[in-house]
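Please look over the model shown below. The briefing that follows takes up loop residues, a helix contact and aromatic rings.

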Amino acid sequence: MSMMRAFSTVGSFTLMSRILGFMRDVLMAQFLGAGLAADCFFVAFKLPNFFRRLFAEGAFSSAFVPLFSRILGRDPTPTSRHNARIFAQEALAVLLPILLVFTGLMQAVMPWAMLVLAPGFADQPEKFALAVDLTRLTFPYLLLISLVSLFSGILNGLGRFSEAAAAPILLNLVLISSLLLFHDTAIMTAKALAIAVSLAGVVQLLLLLYGAHRMGFSLSLPRPKLTPAVKRLLTVMLPVALGAGMTQINLMIDVILASMLPEGSLSFLFYADRLNQLPLGVIGIAVGTVLLPHLSRTLAGGSAVEAIHHHNRAIEFALILTLPAAFALATVPQPLISALFQHGAFTADDSQATAWALAAFAAGLPAFVLIKVLVPGFYAREDMKTPVKIALLALVTNLVLNLLLMGPLRHVGLALATSIAAWLNAALLYVNLHRRSQFALDARLKSRLLRVIASCGLMAAVLFGLDHFFGAGRGASKAMQVGQAALLVVSGLGVYGVASLISGAFRLSEIKNWR
């Protein structure tokens, strides 16, 4: 599978998931709003997701995929497939008991964990108790999604990306069903959603088990044993866990500090981040997911020059799609937020507060995507320490900026600090790869990047003008809000597409045959 086809496969499934995610979030905004129940559920949803990103999709996946891909080799043979299966079974045998113990332990200490996660809830007994109850219901999702990550790593290493990319669709379908069936009160809605999160993990795992079975990679469960391969995996995981942890800790710092701000701040950041996550998920995560096994196999074949070429094309592809999204979200956040979320319990004031947070997140969107695309350059070479050091510096920067900006800018300051820290992270990743001659921007990427930025500037100017023209009547009706937002999206896409084709930022013939 070519990189372009693989990007398209992962990106298209991720786009479907994000669209369903928006449907889910619209319903959540309608039935939960931005009050007590919403804040508690978002905290409950973030805790298992924090550990999921830290261990399952962070440390484990980033360490497992390169090792698994190298065992398979660039052209897998029956012997290499057998050895790869043995390695996966050994990893499963060690991973599962750890997850079971950790999940049980967290259930027992949840009230104390909540004091760390949301200390601002402690002086509100009702809110604190609800947050603990909801988090106990969502936390089994960590166990299930960690197993999903193992089987996703197997399928991605085999060059099959569809099942893993489709799994989040099931999560959103289960949550949407819960919202439609149980929404009599905000508290009932929050509890039903918490149960649905763990139920969705079961459904996702069944899909990945089926996908692995189709590829001939059904796994047995041997007795846990620290074989040399497992020791190597654990050794590689430790620095990756620290690196992934820095990113997640950045996000958790935002949650902790936002819990100390006025009620609704957590929800404003959540809804803004959901819209910002659309291009990040469709582009950044898709490219990073495909690039890691691809670079690992290419480097295993001894072709460093080819690996650098593929890395350039991956960044080119990512930025051609990411930069216009960042410009648009930063230029017209208000009409997009109003059209998507302003309904029911979600008020016009909530929309305005969320829009400012979205603009701040959008300023860092290209950096978030670049991090996803640059980090595989280290992991594919089994250099796990450098990204950790860079992430630690970014963490400290984020914390300092949070404390400086949250006073005057409140929740917007938290989002802006996260974006600035992301740019620092991306810049240092590039500098380190460049110094080692492991990556450099080629002439094609440099030329295309300037043309993309110019096209984005023109698009932003048009969007700003249209938004100013529509501004006076934006709040007249829901239909008008949706229609104006749709027109802005279509106009932005049209202006950017035409400007890019005229300037030569990209050519349709190249996209069809991207390698």
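Arg 410 counts as partly exposed because its relative accessibility is 48%, where buried means under 20% relative accessible area, exposed over 50% and partly exposed in between, with a 1.4 Å probe and protein chains only. The model is predicted, so local features need pLDDT of at least 70 and side-chain atom pairs count only at pLDDT 80 or more, while totals for chains, interfaces and linings use all residues. Residues are numbered from 1 along each chain as its sequence is written, and side-chain values use heavy atoms, with hydrogens and water left out.

**Positive phi in loops**

- Arg 410 lies in the loop between helix H15 (385-409) and helix H16 (411-435), helices being DSSP runs of H or I with at least four residues, numbered from the N terminus.
- The phi of Arg 410 is near 55°, a positive value in a residue other than glycine.
- Ser 437, placed in the loop between H16 and helix H17 (443-470), likewise has a positive phi, of about 60°, although it is not a glycine.
- With a relative accessible area of 60%, Ser 437 is exposed.

**Contact of H3 with H4**

- Helix H3 (residues 78-108) and helix H4 (residues 110-117) pack at an angle of about 80° with their axes 5 Å apart, the axes being lines fitted to C-alpha atoms over the stretch in contact and the angles running from 0 to 180 degrees between N-to-C directions.
- That angle makes H3 roughly perpendicular to H4, a class that covers 65 to 115 degrees, whereas angles under 35 degrees count as roughly parallel, over 145 as roughly antiparallel and the rest as oblique.
- On the H3 side, Met 106, Gln 107 and Ala 108 meet Met 110, Pro 111, Trp 112 and Ala 113 of H4, contact meaning heavy atoms within 4.5 Å.

**Aromatic rings**

- The count comes to 10 aromatic pairs, where rings of Phe, Tyr and Trp (its six-membered ring) pair if their centres lie within 6.5 Å, and planes under 30 degrees apart count as stacked, over 60 as edge-to-face and the rest as tilted.
- The rings of Phe 102 and Phe 139 have centres 6.0 Å apart and planes at 50°, so this pair is tilted.
- This pair links distant parts of the chain, 37 residues apart, with Phe 102 in helix H3 and Phe 139 in the loop between helix H5 (125-138) and helix H6 (140-157).
- Phe 102 is partly exposed at 23% relative accessibility, whereas Phe 139 is buried at 0%.
- One aromatic cluster is formed by Phe 41, Phe 42, Phe 45, Phe 270 and Tyr 271.

Terms used
Helix = DSSP H or I, 4+ residues; strand = E, 2+ residues; numbered from the N terminus.
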